[in-house]
Structure formats: C-alpha cells, structure tokens
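Me: I am new to this structure. Please pick one part and take me through it closely, then show me what surrounds it.

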Amino acid sequence: MTILEGVKAGEVAGRQSMAAFGGWLDDGQVAALANYVTARFGNPDLSVTAADVRQMRAGTTTSQTIMILAAQSLVAGAAVLMLGLLLLLARRLRRGATSARLMFAHRDRR
C-alpha cells in the first residue's frame, strides 16, 4: 500500500514524503518493486503477486499479503534493533581496547 498510495508526512519539519506510484505502475510492476524491496531489506522467501496488488487496489487483502506486511515490519524492527546493538557493542569494545592500551602503556613505563 505504501508503493500504491505513497506516504504523506504533511508539513512536519524533518519528515519525508514518498510519491504514490499506483497511478504510474501496473500491478505487475508494483509487485516486482515490492518483491525487490522485500528481498533486499526483508524476507526474500516472501513474495507479492500481481493478483495481490490487484486485490489491494480493490481494497481487499489476502492473508498472505497481511502476513507479508507483518513480517516486513518485524524484520525492519529486528534489523534496527540489531544495528543498534552492534553499534553499542563496537563502541564498548573500542573503549575497552583504548583503556587496555593506556593501562599497558602506563605499566610498561614503570
């Protein structure tokens, strides 16, 4: 639906909007774009068909489409969480290595 309808962030400072592609792309093109984004940034085992897009345009969804949207949200949230944890771990390791070097340099001067 984001590809079809776009994102209207409004006039809030710092927020980005995304154009709606529903009027420019046919069902197969929307499905191909959704599958590319899902494979690249989500779960490559999930896919959207042109029939799914047609149903979404009509205002109905299949359980598969709902599952895909839920899975994408979970994967995106997990990716953000993992990235945050990795950054914290890297920061902690870098601080620990700096402290260890300083401690050994001080010990070696004695």
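Reply: What follows starts with the overall layout, then turns to one helix and its surroundings.

This is a predicted model, in which local features need a pLDDT of at least 70 and side-chain atom pairs count only at pLDDT 80 or more, while totals for chains, interfaces and linings use all residues. Residues are numbered from 1 along each chain as its sequence is written, and side-chain values use heavy atoms, with hydrogens and water left out.

The layout comes first. The protein chain has four helices and zero strands. Read from the N terminus, its elements run α-α-α-α. Helices (H or I, at least four residues) and strands (E, at least two) are DSSP runs, numbered from the N terminus. The chain has 110 residues, and 16% of them count as buried. Buried means under 20% relative accessible area, exposed means over 50%, and partly exposed lies in between (1.4 Å probe, protein chains only). Contacts across the sequence can be counted too: of those with a separation of 6 or more, 29% join residues 24 or more positions apart. A contact means heavy atoms within 4.5 Å.

The part to look at is helix H2. Start with Asp27, which sits in this helix. Asp27 is buried, at a relative accessible area of 15%. Setting aside residues up to four places away in sequence, Asp27 touches Ala50, Val53, Arg54 and Arg57.

Two of those neighbours also pair with Asp27 through charge. The structure holds two salt bridges. A salt bridge is a side-chain nitrogen of Lys or Arg within 4 Å of a carboxyl oxygen of Asp or Glu. One of them joins the side chains of Asp27 and Arg54, at 3.3 Å from N to O. Asp27 lies in helix H2 and Arg54 in helix H3, so this pair ties together parts that are 27 residues apart in sequence. Arg54 itself is partly exposed, with a relative accessible area of 47%.

The side chains of Asp27 and Arg57 form a salt bridge as well, at 2.5 Å from N to O. This pair links distant parts of the chain, with Asp27 in helix H2 and Arg57 in helix H3, 30 residues apart. Arg57 counts as partly exposed, at 37% relative accessibility. Through shared partners, the salt bridges join Asp27, Arg54 and Arg57 into one network.

Now move along the helix. Thr38 is also in helix H2. Thr38 is buried, with a relative accessible area of 2%. Apart from its neighbours within four places in sequence, Thr38 is in contact with Asn43, Pro44, Leu46 and Gln72.

The largest one has nine residues: Ile3, Leu4, Val30, Ala31, Ala34, Val48, Val53, Met56 and Ile68. H1, H2 and H3 each supply at least two residues of this core. The largest share comes from H2, with three residues. In soluble globular proteins, nonpolar side chains tend to be buried together. Ile68, one of the core residues, touches Leu46, Ser47 and Val48, not counting residues up to four places away in sequence.

On a 1 Å grid over the protein atoms alone, a pocket is an open set of points where a 1.4 Å probe fits, with protein on both sides within 12 Å along at least five of seven lines; lining residues have an atom within 4 Å of a point. The volume of the largest pocket is about 420 Å³. A volume is the space filled by probe spheres set on the points, which are joined across faces, edges and corners. The pocket is lined by 20 residues, and Met1, Ile3, Ala34, Leu69 and Gln72 lie nearest its centre. Helix H1 (2-5), helix H2 (27-41), helix H3 (50-58) and helix H4 (63-109) are the elements that give two or more residues to this lining. H4 gives the most, with six residues. The lining divides into 15 nonpolar residues, five polar and no charged. Here Ala, Val, Leu, Ile, Met, Phe, Trp, Tyr, Cys and Pro count as nonpolar, Asp, Glu, Lys and Arg as charged, and the others, Gly among them, as polar.

Methods:
A nonpolar core is a set of buried Ala, Val, Leu, Ile, Met, Phe, Trp, Tyr and Cys residues joined through side-chain atoms within 4.5 Å.
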